[in-house]
Amino acid sequence: MIKPALNIGIVCYPTYGGSGVVATELGIALANEGHQVHFISYKRPARLGPYQSNVYYHEVSPMEYPLFDFKPYDTALTSKIVDVALHQQLDVLHVHYAIPHAIIGFLAREILRSKGKKLPFITTLHGTDITLVGIDGAFFPVVEFSINQSDEVTAVSTYLKDKTLDAFSIQKNIQVVPNFVDLTRFKPATDLRLKNRFASDGEKIICHISNFRKVKRIGDIVHTFFGMQKQIPCKLLLVGDGPERTGLEDLVRELGIAHKVLFLGRQDAVEDILAITDLFMLTSDHESFGLSALEAMACGVPVISSDAGGLKEVNIHGFSGYSYPIGDITQMTTGALDILSTPEKHNWFKANAIQRASDFEINKILPMYEKLYRKAIL
Ligand code: GMT
C-alpha cells in the first residue's frame, strides 16, 4: 500500500554545524520521496542550495524594539511555526538540536492544540545540546522537560542516548537514529586535477573539516601532522573556520610547517575536497557522532580519530582507520603512517572505509525517520 505524503516542518540551525547539515540533507531526501518539506529558521540553511521541488523555506525575523537588548527569537520562531502549521497543514514537526528548539516545539504544539490543530513534534538530539550546553544549569530544567514532552525523541548515537539518560531524568524512549551519508554524492574522485592543485606527485593529502572550536582539538592534528611530514611527503588541508583558527595559524608558523598546511576556510563542496584526500583526522574531546568522518569514509578515506563519544561507533579501529585515546598524538602519528605505509595497506583501509560508510547510507536511515513521523501522527 502506498503511504500518503506528509507535510513536514523542520526547525534547525542554518549554519555550518553538523545538526543543521543533517537536518537539511534529511529534508532534501524527504522532499525527493514526495513529502512537502518546510524549513523554518533565521537564515536559509547552508546546504539547501537553489530551488528544489517540494522544499520551502520560511524565514524567522524577530522585530527590533528599543526595549529588546536581546531580540526574542524563540517567540518569533514559535509564532512562525504556528503560522506555517496552520497555513501549510503541517502533519508533523521535526526539531534538530534541543536548545531552544525542543521547548519551542512544545510551545507551538500547545498553542496549536488550543486552536484545534494537532502538531506532534520529534526532537533529535545531536550532541552539545546534551553534553556541553544542555547540562549547564542555565538550560537543564528546560532541556529535561522539553525532551520528556516531545512526541518522539531520537539521538544520533548510542553514546548520546546513554549520556542523555545519565544526565537527565528521562521518561521517554530515546531511539537511536544514526546520521547518514549520500553515497552518490560522497564518493572517491575520478578526476584528480583538484588534488594536483594542493599537492605535487606522491604527496599525501591529510584533511580535517570542522567549525574550529576548542572541542575539536585541532592542535592535536597539527602536532600529528608535524610528526608525519618528517617521515613522508604530505600536505594538511584544514577546512572550516571558527574561534581556534588564529591560534592554529600561529602554531603552524612556530612549528615551521606553514608552507605545508593550507587553511581553506569554509567550503560548500566538501565532497570535492574529501574525494581527493588520503587520510582524514577528527581528534575531538567530545563528539556524539562525527559526521565529517563518515562523509570522508564514504569518499574512501580512512580516518584517524580520537575514541571520544560516538566517534568509535562510526570509525572502527583497525578497519576503517584507527581510533586512539583523546590527545594521544604519538599513537595517532604511528597509526597515520601505518595506514599510508604501502599502497596495498592504504587501499585495504580505503575499501573498508567505504564498506563501513555504506552501513549509514541515507536510504537505510530515511525510513526510520518516516516511520517515527507516522507513529507520532497516529
Ligand atoms: O560540533 C559540531 O560540529 C556541531 C554540532 C551541531 O550540533 O551542530 O555537531 C553535533 O552534531 C553533529 C550532527 O549530528 C554530530 O556529527 C557531531 O558529532 C556533534 N558534535 C559534538 O558532539 C561535539
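The model is predicted. In it, Phe 168 has a relative accessibility of 5% and counts as buried. Its partner in an aromatic pair is Phe 140: the two ring centres lie 4.6 Å apart with the planes at 25°, so the pair is stacked. Phe 140 belongs to helix H5, whereas Phe 168 sits in the loop between helix H6 (158-167) and strand S7 (174-176), so the pair ties together parts that are 28 residues apart in sequence.

**Aromatic pairs**

How many aromatic pairs does a search of the whole structure find? The search gives ten. One of them joins Phe 106 and Phe 145 in an edge-to-face arrangement, with 5.0 Å from centre to centre and 85° between the planes. Phe 106 lies in helix H3 (residues 98-114) and Phe 145 in helix H5 (residues 140-149), so this pair ties together parts that are 39 residues apart in sequence.

| Residue | Relative accessibility | Class |
|---|---|---|
| Phe 106 | 15% | buried |
| Phe 145 | 37% | partly exposed |

Elsewhere in the chain, Phe 319, Tyr 322, Tyr 324, Trp 348 and Phe 349 form one aromatic cluster.

**Domains**

The domain assignment divides the chain into domain 1 (7-180 + 362-377) and domain 2 (193-360). The C-alpha centres of the two domains are 30 Å apart. Where they meet, 20 residues of domain 1 are in contact with 19 residues of domain 2.

**Nonpolar cores**

In soluble globular proteins, nonpolar side chains tend to be buried together. Here the largest nonpolar core has 73 residues. Those with the most contacts inside this core are Leu 30, Leu 125, Cys 207, Leu 274, Phe 280, Leu 294 and Tyr 373. Which helix gives the most to this core? Helix H1 (residues 18-32) does, with eight residues. Both domain 1 (7-180 + 362-377) and domain 2 (193-360) give residues to this core, so it lies between them.

Leaving aside residues up to four places away in sequence, Leu 274 touches Phe 186, Cys 207, Ile 209, Phe 280, Glu 295, Ala 296, Cys 299 and Val 301. A second, separate core has 26 residues, among them Phe 212, Val 252, Met 281 and Tyr 322. Tyr 322 is also a member of the aromatic cluster.

**The chain as a whole**

The chain contains 15 helices and 13 strands. Its radius of gyration is 21 Å, close to the 21 Å that the globule rule gives for 378 residues, so the chain is as compact as a globular protein of that length. Along the principal axes, the C-alpha trace spans about 70 × 55 × 40 Å.

Of the 378 residues, 54% are buried. The accessible surface of the chain comes to about 16,400 Å², and carbon and sulfur atoms account for 53% of this surface. Of the contacts between residues at least 6 apart in sequence, 69% join residues at least 24 apart.

Technical notes:
Residues numbered from 1 in each chain as written. Predicted model: local features only at pLDDT ≥ 70, side-chain atom pairs only at ≥ 80, totals over all residues. Heavy atoms only, no water. Core = buried A, V, L, I, M, F, W, Y, C linked by side-chain atoms within 4.5 Å. Buried < 20%, exposed > 50% of the residue type's maximum accessible area, 1.4 Å probe, protein only. Helix = DSSP H or I, 4+ residues; strand = E, 2+ residues; numbered from the N terminus. Domains from an automatic or database assignment. Contact = heavy atoms within 4.5 Å. Rg over C-alpha atoms; globule rule 2.2 N^0.38 Å. Areas by Shrake-Rupley, 256 points an atom, 1.4 Å probe, with all protein chains shown as cover. Phe/Tyr/Trp six-rings, centres within 6.5 Å; stacked < 30°, edge-to-face > 60°.
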